[in-house]
Amino acid sequence: MKRTAGILLPITSLPSRYGIGCFSQSAYDFIDWLKEAGQSYWQILPLGPTSYGDSPYQSFSTFAGNPYFINLDALVEEGILHQEECDKFDFGDQADTVDYEKIYKARYALLEIAYRRSWITENHDYQHFVRKNKWWLTDYALFMAIKEQYNNLPWYQWPEDIRLRKSSAIDEYYNELYPYVEFHQYLQFKFHEQWSDLKTYANQKGIRLIGDIPIYVAMDSADTWAHPELFQLDEKNVPLAVAGCPPDGFSADGQLWGNPLYRWEYHKETNYKWWISRLAYCFQMYDVLRIDHFRGFDEYYSIPYGAASAADGHWEKGPGIELFQCMEQHLGHHDVIAEDLGYVTDSVRWLVHESGFPGMKVLEFAFDSRDTGSACDYLPHNYAENSVAYTGTHDNETLVGWLDSITNGELNAARDYMCDHYTPKEHLYKSFISLVMRSNAKTCIIPMQDYMGLDNSCRMNKPSTVGNNWKWRLTKEDLTDELKEEILSITRRYGR
């Protein structure tokens, strides 16, 4: 089995003069940089349009793309935007940080100008895109148009006729808001056009793209509004229970995510039609698909709607292997990474094994004295060949930040494991990267912040917090030839 390596870097973190990473020349340059650094994969985070909190794991649609990623330079080249128009907007003051409030105001204003000048209705490629994607696109575009009409209120606070999707209301809103519906369809057309070009370029360079989808959709999403039958909602489309995870050594109250839970018996009756459609769509978008919270397919944690915390929840059985057997029957074999982190039971291990998907191994979990049960699973000598090894993920501290936060006992245990009591602490992150890269895992993915030796001020996300996440960005000066050669050297050293 070929040994490979890749880098985790969200699209938002790319350099850009417009305040946030996008499908601009910087993305193409980064692909070239990855190729020259000897990498095989570029792992990103979910690409959906984000809501309050800016988390890519809470999206307005599981199928739509984030308009923030549309390359404004390409619209200037088309002649539907002018450079001086782009230059007059404020996208934020710091090249290494996303200012989401400014991005939201500036980008949508420019995209509206581009739409008005596009004469998109007459574009045959656009017409084909709308017809091909009508099964999700119409509901999404109408959802966004209505949401804007009601000052971005969540759909479950809309007037009852449209909240419950009465046919007369659907027709009335569609006709009244059609220009806004078409605007959102246009944004999706441009997103997918540019993403397709970028993916083609990456594949031509030998770089495979690892996409990422949450197991759940957001409550305030076009998916939940348009298809309430898929979820555990009552006759008024109010949730009966919501998703989360139970209390543990890391969180006394557990985590209350608030996503609607699937009505798995309905999915089974329909031969998992919606899931098959979702996965088929993702397999067109990405070369490899990481599915978040994979254990939820074995058992999912159900919390009564309205509960103050996750403490009152309980476990329910999920669809198990049947869903993935159905997937393979309809779609054939595809490359999937099962995010099997957290509390892993024997039945979860069996599900991952039966699926044939590689699971995930995170080095930072290996030396956690709070987790005596499964820590040894994350020691590199225990990594199965059919696994994907990480130093950390988007939810973890950076390696440097982690080394600063662990106890002396945990640090000494890690040094004992590596037989390394001499490397200065400020350089020790490189020893940990080497440790992961020489493991038996067939694939290693290293977050860019870890290769750069950055501290927790550059952390991507701190779970259960809002306000300071998803903001970190590279600058052009960060992607040096020296760093590229260092990554190439370590990749070659361990046969990746």
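Let's start with a pair of charged side chains: Asp-377 and Arg-349 meet in a salt bridge, with N and O 3.3 Å apart. This is a predicted model, so please read each contact here as part of a prediction. The two partners come from distant parts of the chain, 28 residues apart. Asp-377 sits in the loop between strand S10 (359-362) and strand S11 (387-390), while Arg-349 belongs to helix H14 (residues 346-355).

How exposed are the two residues? Asp-377 has a relative accessibility of 26% and counts as partly exposed. Arg-349 is also partly exposed, at 38%.

In total, the structure holds 26 salt bridges. Another one joins Lys-430 to Glu-486, where the closest N and O atoms are 3.2 Å apart. Lys-430 lies in helix H17 (residues 428-437) and Glu-486 in helix H19 (residues 481-493), so this pair ties together parts of the chain that are 56 residues apart in sequence. Lys-430 is partly exposed, with a relative accessible area of 33%, and Glu-486 is partly exposed at 36%.

Asp-93 and Lys-102 form a salt bridge as well, with 3.6 Å between the closest N and O atoms. Here Asp-93 is exposed, with a relative accessible area of 69%, whereas Lys-102 counts as partly exposed at 24%.

Is Thr-491 buried or exposed? With a relative accessibility of 1%, Thr-491 counts as buried, because the cut-off for buried is under 20%.

Leaving aside residues up to four places away in sequence, Thr-491 touches Ala-5, Ala-37, Gly-38, Gln-39, Met-437 and Arg-496. One of these contacts, Met-437, is 54 residues away along the chain from Thr-491. The C-alpha atoms of Thr-491 and Met-437 are separated by 7.4 Å.

## How H16 packs on H17

Two packed helices are described by the angle between their axes and the distance between the axes. The axes of helix H16 (residues 408-418) and H17 come within 11 Å and cross at roughly 55 degrees. That angle makes H16 oblique to H17. The crossing of H16 and H17 is left-handed.

Which residues of helix H8 (residues 167-176) are buried? They include Ala-169, Ile-170 and Tyr-173. These residues lie on the same side of H8 because they cover an arc of only 100 degrees around the axis.

What covers the buried residues of H8? The cover includes helix H6 (134-149), helix H7 (160-163) and helix H10 (222-226).

How values were computed. Residues are numbered from 1 along each chain as its sequence is written. This is a predicted model: local features need pLDDT of at least 70, side-chain atom pairs count only at pLDDT 80 or more; totals for chains, interfaces and linings use all residues. Side-chain values use heavy atoms; hydrogens and water are left out. Buried means under 20% relative accessible area, exposed over 50%, partly exposed in between (1.4 Å probe, protein chains only). Helices (H or I, at least four residues) and strands (E, at least two) are DSSP runs, numbered from the N terminus. The arc is that of the directions from the helix axis to the C-beta atoms. Contact means heavy atoms within 4.5 Å. A salt bridge is a side-chain nitrogen of Lys or Arg within 4 Å of a carboxyl oxygen of Asp or Glu. Axes are lines fitted to C-alpha atoms, for helices over the stretch in contact, and angles run from 0 to 180 degrees between N-to-C directions. Angles under 35 degrees count as roughly parallel, over 145 as roughly antiparallel, 65 to 115 as roughly perpendicular and the rest as oblique. A crossing is left-handed if the near helix is turned anticlockwise from the far one by less than a right angle, and right-handed if clockwise.
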